[in-house]
Amino acid sequence: MRPIAEGDIRASFVNCSKGEAKRLALPRDLTTVSWDDLDFLGWQDGAAPDRAYLVAEFGAAPVGVALRRAAGGAGRMRRTMCSLCLTTHTAGGVSLLTARRAGKAGQQGNSVGLYACSDLACSLYLRGKKEIWAASRLQESLGVPEKVDRLVTNLTGFLRRVTA
């Protein structure tokens, strides 16, 4: 992923107002992000645990999406899989995230959802830069480039549903 400046991140949000985008909490470590390891920038709002955000390259420009985390979650022993990177987690490692749709559909209350890694570190899991605690990783015959392509395809599908 190419580095994105704070102003560009705030301007990229398609499913919230300009005022909401101006007020949202950006990642604290934005200046130290390893952009080469990311396929999208994803973070949780430190002050509001039910809010998360992601920004991805989508077409010619970055697209930002504000997300809401559903309350509750799977039990400790249940394994769940991220629909973006297909990483399996236990103990709340995957959350249902919903995004208000962009434009008129979002103003009418329409939203789309996906199950994703709760910490939105999908890119790091794929590259082996972040390990899953208390869960054994499922073995795949795909290499990292193919896993990245699959992640980008899955993310693009979600962004299309948000922006449609």
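Q: Which residue takes a positive phi in the hairpin of E2 and E3?
A: In this predicted model, Gly59 does, with a phi near 75°. The hairpin has 2 residues between its strands.

Q: How do you know that E2 and E3 pair, and in which sense?
A: Pairing requires at least two bridges between the strands. E2 and E3 are joined by 8 bridges and run antiparallel, so they meet that requirement. Within this pair, Leu54 stands opposite Val65 in E3.

Q: What makes E1 and E2 a pair, and what joins them?
A: The cut-off is at least two bridges; E1 and E2 have 4 and run antiparallel, so they count as paired. Trp43 stands opposite Tyr53 in E2. A hairpin of 6 residues leads from E1 to E2.

Q: How many bridges are there between E6 and E7?
A: Strand E6 (residues 94–100) and E7 are linked by 7 bridges in the antiparallel sense. Since at least two are needed, they therefore count as paired. Ala99 has Val112 in E7 as its bridge partner.

Q: Why are strands E1 and E7 said to stand at the edges?
A: The open sheet has 5 strands in the order E1-E2-E3-E6-E7, with antiparallel pairing. Strand E1 (41–44) and strand E7 (111–117) each have a single partner strand, so one side of each is left without a neighbour in the sheet. On average, neighbouring strands of this sheet are turned by 30° against each other, direction ignored.

Q: Which helix packs on the sheet, and which strands does the helix touch?
A: Helix H5 (residues 144–163) packs on the sheet and touches strand E2 (51–58), strand E3 (61–69), E6 and E7. The direction of H5 makes about 105° with that of E2.

Q: Why is Ser123 called buried?
A: Its relative accessible area is 2%. Buried means under 20%, so Ser123 falls in that class. Ser123 lies in helix H4 (residues 122–126). Leaving aside neighbours within four places in sequence, Ser123 is in contact with Asp37, Leu38, Asp39, Phe40 and Leu151.

Q: Why does Met81 count as partly exposed?
A: Met81 has 40% relative accessibility. Buried is under 20% and exposed is over 50%, so a value in between is partly exposed. Met81 is placed in strand E4 (residues 80–81).

Q: What makes the nonpolar surface patch that includes Met81?
A: Met81, Leu86 and Leu138 make this patch of about 250 Å². A patch residue needs over 30% relative accessible area; Met81, at 40%, therefore passes that cut-off.

Definitions and conventions: Residues are numbered from 1 along each chain as its sequence is written. This is a predicted model: local features need pLDDT of at least 70, side-chain atom pairs count only at pLDDT 80 or more; totals for chains, interfaces and linings use all residues. Side-chain values use heavy atoms; hydrogens and water are left out. Axes are lines fitted to C-alpha atoms, for helices over the stretch in contact, and angles run from 0 to 180 degrees between N-to-C directions. Contact means heavy atoms within 4.5 Å. Patches are made of residues with over 30% relative accessible area and no salt bridge: like charges are joined within 9 Å, nonpolar side chains (Val, Leu, Ile, Met, Phe, Trp, Tyr) within 5 Å. Accessible areas come from the Shrake-Rupley method with a 1.4 Å probe; for residues, only the protein chains shown count as cover. A salt bridge is a side-chain nitrogen of Lys or Arg within 4 Å of a carboxyl oxygen of Asp or Glu. Buried means under 20% relative accessible area, exposed over 50%, partly exposed in between (1.4 Å probe, protein chains only).
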